[in-house]
Amino acid sequence: MLLAVLSGFIFALGLAAFGRRFKGRAVVLSALLPFGLFAYFLSLLPGAAAGQPAVYRYAWAPSLGVELSFHADGLGLLFALIISGIGTLVFLYSAEYMKGHKYLGRFYAYLGAFMGAMLGVVLSDNILALFIFWELTSLSSFFLIGFKNEEAASRRSALTALGVTGAGGLLLLAGALLLVYVTGTYSIREMLTSGVALPEHGLYPAVLCLVFGAAFTKSAQFPFHFWLPEAMKAPTPVSTYLHSATMVKAGIYLLMRLSPLLSGHQYWHATLITLGGVTMLYAAVHILFRTDLKGILAYSTVAALGILAFLIGIGTEAALLAAAVFVLVHALYKAALFLIAGIIDHEAGTRDVTRLSGLGRIMLPVAAAGFLVAISSAGAPPTFGFVGKDLIYEATLHAGPWSTLLTAMAILANMLLLYGGFVAGIRPFAGPLPEEFEKAHMPGPLLWVPPVLLAALSLLFGLAPQLLEGMLARPAVAAMVAGQPDFHLKLWHGFNLVLQLSGLTLAGGLLLYWLFRPSLRLERRIGRLENISPKGITEGLARGFERFSGWYTHLLQSGYVRRYVFIIISFLLALVSYRIFTSVNLYIDYGRISSMATYEAVILLLMLVATLIAVFTDSRLAAVAAMGVVGYSICLLFVFYSAPDLAMTQFAIDTLTVILFVLVLYRLPKYLKISNTRGRLRDGALALAFGMLITVLALEVLNEDINREVGNYYAEHAYVLARGKNIVNVILVDFRGMDTLVEISVLTVAAVGVFSLLGTGLDIKKRGEK
Amino acid sequence: MTTTGQFLFAPLLFQFFLAVLLLFLWRRTDLQRWASIFGNLTGLGLASVLFLRVWRGGALSVQAGGWEAPFGITLVADMFSATLVLLTSAIGLAVAIYSAASVQELRLRLGYFPILQFLLMGLAGAFLAGDIFNLYVWFEIIIISSFVLITIGGERLQLEGAVKYFTINILASVIFLTAIAILYGLTGTLNLADLAVKAKDIDNQALFSVSALMFFAGFGIKSAVFPLYFWLPASYHAPPAAVSAVFAGLLTKVGVYALIRIFSLVFTADPFIYEFMGWIAILTLFTGGVGALVQNNIRRVFSFFIVCHIGFMIAGLAIFSRPALAGAVFYMAHDIVVKANLFLLAGLIFKIRHTNSMKKLGGLYAEYPRLSLLLAVPLFSLVGIPPLSGFWPKVSLVLAGLEGRHFLLVGAMLLASFLTLIIIARLWAEVFWKNGQAPEIKPNAGYFPDMEPKRRALLVAPIAMLALASLYIGFAAEHLQLLSERIASELSDPASYIRAVLP
């Protein structure tokens with residue numbers, strides 16, 4: 001099973017290496033990969049049905065809790081079969097649709113990687129592995145939406161999609177880790193059986209928010225749905241595969257998978273029913289305002305995803321069964337409708353439904369397929385869609401106190417879905433053939449066979465839903481409910497309320513289809529509301545955030561060194577003084593401070609005056625001289641405190657510094673005051689405060705007893721062991737000789753730096769050349 | 001002192017001799033190139049041997065001049081230090097190769113290679129120092145050589161960046177030195193292990209933790225945390241790409257290393273500091289991410305990312321549980337490799353298009369599909385697209401954050417990850433996807449397409465090498481995780497460090 005999941009990635013890597021040779025027959029043959037996977041997953045079905053699903057484990061990074069553990073139970077297999085099955089058809093279809101494209105290899109590489117990632121999502125038992133694959137689906141979707149990368153609109157849509165799903169992905173990471181923290185295991189199965197009653201846990205709302213955030217962004221629920229219609233910029237096979245049949249259902253899958261763990265609390269049910277309901281109605285109404293085939297299909301996909309979330313929210317066994325069946329129903333008819341839209345686009349050169357008509361005369365098999373899947377989407381007998389819609393009504397009718405309202409919502413959504421299906425699957429083929437399309441012709445079999453096959457399956461499962469019952473539907477539902485589910489899939493339930501509601505839906509939908517004409521005018525009219533749509537608001541927020549970022553960044557990163565230094569010193573001042581005044585017991589132990597002789601006081605006064613001169617003078621020379629005075633005074637203090645060797649060193653350094661300064665100053669331009677009085681006062685106040693702080697610190701340190709162990713060791717051993725009479729020298733060259741060695745290197749580097757700066761700069765060289 | 005400890009000198013002294021050798025080859029820049037490449041290859045070998053010895057036998061230490069600790073200067077290689085020395089050598093090798101092909105002859109004639117080697121020596125020394133003042137001295141050589149490397153060539157942009165860089169870093173050194181003075185006044189020792197022992201006996205713990213704050217500010221400037229990071233975005237786009245790559249990979253990490261070292265070894269008593277660091281981490285993550293969002297020059301984008309991602313490591317230190325420390329260490333290793341590579345990548349793009357402006361760049365994907373694929377590795381590793389290298393440490397850090405109930409910190413980490421994702425995706429769209437414009441041809445500018453194949457290979461090889469390292473970290477995450485966990489357990493129980501130094 002590891003190979004099955006990873007084969008998509010291996011395929012992609014192979015294409016990255018040998019992409020140029022990938023054309024002609026090899027492309028068609030590549031469909032054998034998903035087909036092989038499809039066959040393989042079919043062979044796993046009996047095991048899942050018998051309650052002994054195939055399992056595979058590989059400890060990838062066990063210290064981080066990540067295992068590649070795959071678990072092919074009914075729910076996982078339902079999705080895996082859709083992924084590999086539709087994958088096969090999309091691989092075949094693209095061979096013709098993308099024929100001769102310059103980057104065909106790249107395209108298939110992304111598709112292969114996506115397939116691998118998506119299989120990983122639905123089969124992983126380890127929640128972190130699920131997250132890893134989840135992110136990979138987002139990433140491959142990014143590359144596929146942006147496949148026409150020279151178009152600005154494609155790039156923008158790709159970024160939008162990645163932004164929304166990427167944000168959701170991070171929420172999933174947090175949610176997954178929170179679940180790990182709460183349940184103490186990384187395995188989803190163990191979470192379900194751990195016995196932790198999550199809805200009673202204090203962190204339950206947080207977990208729920210995070211999981212919902214992930215699922216709603218990925219599965220395009222209101223108000224995060226807007227990336228999905230945008231994603232239609234991708235080539236049609238991609239829209240079919242990722243943005244209708246599989247990837248967008250990853251969020252639904254997540255909800256289904258975690259439903260036994262998280263459901264049972266009002267938060268779960270109310271949120272899902274509300275948001276799912278809003279999504280399905282909002283998106284379904286939007287279908288009416290679209291004229292682009294793919295736009296219509298995108299919104300009807302969003303509506304379908306809303307229905308799924310809505311059903312999971314109801315959460316009864318009947319609702320979950322309806323959801324599981326509807327996943328398959330929708331994948332079959334919507335993928336076919338997308339493929340058909342691609343054919344129409346390919347042959348007629350437009351996807352505008354107000355212009356399309358009569359194509360049935362040219363491509364009859366496609367028209368037949370279109371008709372079948374359209375009535376499946378309408379939920380009319382004898383298609384699979386009818387079975388699905390019956391189950392939905394069955395679920396809403398038994399949904400407790402709100403059942404009437406919920407049923408009404410479902411009926412309304414289904415009417416609009418019928419309309420969408422008919423507009424996309426029937427209208428382009430019906431009626432007279434306009435002149436502009438007379439040159440269109442029947443597409444090659446690679447294009448028309450896949451939708452026909454899907455349509456045939458929609459019909460077959462409609463006529464004989466019991467084919468799915470034991471092998472697929474029951475194990476899938478068993479993964480979501482406690483105990484053994486008990487139900488039968490039938491096309492015909494007799495004349496009951498559900499059937500009457502179905503009739504009502506059909507009648508209403510058909511009426512809408514007859515009476516309502518999609519038009520550009522309406523599309524434009526709704527376009528005016530763009531600014532207050534979730535998309536407009538999100539974009540506005542993003543722009544606002546970007547503006548804020550610019551303001552914030554330039555506020556701090558102003559470009560002036562003096563401001564940087566100001567901030568840094570203020571930070572240190574605030575931090576240290578806060579700590580000192582709140583926690584340190586401030587006092588001065590006068591007993592430790594030696595009395596001050598007159599000459600010492602004179603020296604201190606001298607230093608003070610010199611410092612003030614350095615600060616206030618307008619002449620650089622005077623400032624340097626004043627600093628020299630401070631330096632010499634320090635030397636004198638060293639002399640007074642019987643450290644003549646230190647004094648001599650300091651003396652030499654100060655003299656050199658002053659001389660160097662004077663030499664450099666001589667070459668500098670005239671002194672300019674660039675700061676105003678207010679700025680100088682502010683800087684002065686800060687400097688003063690900081691100086692006082694350091695003084696306080698120094699005084700406080702003086703209060704403590706110094707541990708003289710190290711100093712005494714030096715004094716005792718300098719002569720005995722190191723054979724040196726001057727302790728300072730011995731410390732410098734022996735006890736701590738390494739410091740000195742490195743400091744010598746510092747001087748060397750500085751010398752090289754001076755050499756390289758002095759008149760050898762590139763700019764100067766260039767100037768010289770000119 | 002054992003004889004095995006003596007080996008600790010080897011990587012350090014070798015760097016020193018290599019630097020001196022390069023100085024002697026002053027005018028022979030052709031020889032310098034080869035000496036630098038093969039020298040750094042040998043350096044990598046020595047660092048690997050050191051790493052393996054520590055891995056097998058535990059922490060090593062050696063006393064310089066044979067003066068017993070705490071009287072002399074101690075060098076220590078525990079697992080943390082040895083790992084960082086190894087990474088330093090790896091970056092050193094990559095950059096030496098890249099420099100040989102990319103740095104202009106004029107700069108080489110001004111002593112580029114010797115100074116680079118001094119910088120690498122300083123970095124290795126800082127990671128091995130077991131004495132706080134010795135650490136200061138290593139910081140000095142790092143600052144001065146990086147300053148010279150920024151200015152080398154003396155273009156206006158470089159000098160402007162260098163002034164900001166130097167001013168603020170010298171300020172950091174002064175703060176660091178003051179903090180050392182206070183600490184010495186309180187304890188009478190400079191040896192880190194000895195400090196760890198004596199820390200418990202200090203009467204005035206409050207004053208002790210004030211000195212800790214001073215250290216935090218000093219090292220915080222070096223690590224470029226909020227609000228002390230200004231020097232970094234102001235200077236990293238200025239020098240040649242190879243130089244920025246060393247800086248990006250290692251300079252800030254030395255600061256982070258120092259923070260992790262002293263706040264796990266010496267100052268562990270004060271909970272206020274960790275809480276405070278949590279806030280700093282949040283603001284750093286935010287400020288860096290937001291800053292990267294509004295840049296147009298890709299090198300500036302990466303500079304702000306350095307700031308942003310330092311936040312992850314500080315977050316790990318702030319949470320201060322064993323998994324959090326492991327996450328911080330893992331993040332550090334990943335970040336060293338990726339950040340260095342990003343600047344090499346920016347340099348390569350500059351060689352191809354002669355601009356680093358996102359608005360002007362474009363079309364690389366169509367023109368160089370395989371190269372683009374290679375460049376995608378560091379870019380998406382940075383984002384942490386699983387299972388690439390940036391993803392794994394986030395697992396530890398977020399989980400540790402949740403366990404410690406630092407929800408705001410977790411939120412900041414997620415926000416920073418999100419910003420990184422968006423910004424890199426946009427960068428990808430702008431630089432690689434968008435249709436390109438032909439570069440404005442400047443004469444003798446040395447375009448990538450005009451180069452001879454050998455030189456091109458020398459430019460691409462280091463990027464490929466570091467990309468492979470990233471892939472290895474990502475796909476064999478278990479290895480680095482085990483290492484990080486071992487480091488984290490050594491850090492949270494300093495007894496083994498102390499035992500290695502004080503008999």
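A residue is called buried when its relative accessible area is under 20%, exposed when over 50%, and partly exposed in between (1.4 Å probe, protein chains only). By this rule, 54% of the 770 residues in chain A are buried. The model is predicted: local features need pLDDT of at least 70, side-chain atom pairs count only at pLDDT 80 or more, and totals for chains, interfaces and linings use all residues. Residues are numbered from 1 along each chain as its sequence is written, and side-chain values use heavy atoms, without hydrogens and water.

The C-alpha trace of chain A spans about 115 × 70 × 50 Å along its principal axes.

Chain A meets chain B through 102 residues, and chain B contributes 119 residues (contact: heavy atoms within 4.5 Å). The two chains bury about 10000 Å² between them, 75% of it on carbon and sulfur atoms (accessible area, 1.4 Å probe, lost on being put together, summed over both). Four salt bridges cross the interface (side-chain nitrogen of Lys or Arg within 4 Å of a carboxyl oxygen of Asp or Glu). One of them joins A:Glu709 and B:Lys198 at 2.8 Å, N to O. On the side of chain A that touches chain B, helix H31 (residues 737-757) supplies the largest share, 15 residues.

Key. Chains lettered and ligands numbered in written order. Helix = DSSP H or I, 4+ residues; strand = E, 2+ residues; numbered from the N terminus.
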